[in-house]
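Reader: Could you take me through this model with some care, stating each cut-off as it comes up?

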Amino acid sequence: MGGHSRFLVQEFGLDKDTVIALREGRDVPGITPTERALIKFARRAAADPRQIGADDVSELRRVGLSNAEVVEAVSIVMLSAFTNTLANTFKFDEELEAQIQEVQKALS
């Protein structure tokens, strides 16, 4: 599980299976319509930002988001893409997984 997913588990208390389901675009119980719309939007924007149109933004407004919150969502997608590129280039996930395994072994 990558760093962003690990953050969702550790900081927001989501379980690993829920995070994996959300990353795969599956519906999970307990997610609000606003969260569902944001996740769908963010996944689409990350995959192909040029496919985002006025209807996508209108959907976010329909579920109660302001223009500033839409810009914040896009900013988070951009920051995630930046950090993913950096982490993937330098293989941070591989190092992190090895470090986690070492700590777990030491604690057992």
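This is a predicted model: local features need pLDDT of at least 70, side-chain atom pairs count only at pLDDT 80 or more; totals for chains, interfaces and linings use all residues.

Author: Residues are numbered from 1 along each chain as its sequence is written, and side-chain values use heavy atoms, with hydrogens and water left out.

Reader: How many helices and strands does the chain have?

Author: Helices (H or I, at least four residues) and strands (E, at least two) are DSSP runs, numbered from the N terminus. From that end the elements run α-α-α-α-α-α, and the count is 6 helices and 0 strands.

Reader: Which residues of α3 are buried, and on which side of α3 do they lie?

Author: Buried means under 20% relative accessible area and exposed over 50%, with partly exposed in between (1.4 Å probe, protein chains only). By that criterion the buried residues of α3 are A37, F41 and A45. They cover an arc of only 60 degrees around the axis (taken from the directions from the helix axis to the C-beta atoms), which puts them on the same side of α3.

Reader: Which residues make up the largest nonpolar core?

Author: Such a core is a set of buried Ala, Val, Leu, Ile, Met, Phe, Trp, Tyr and Cys residues joined through side-chain atoms within 4.5 Å. What covers the buried residues of α3 includes α4 (54-62) and α5 (67-89). The largest core has 6 residues in all, namely A37, F41, L60, V63, L65 and V70.

Methods. Contact means heavy atoms within 4.5 Å.
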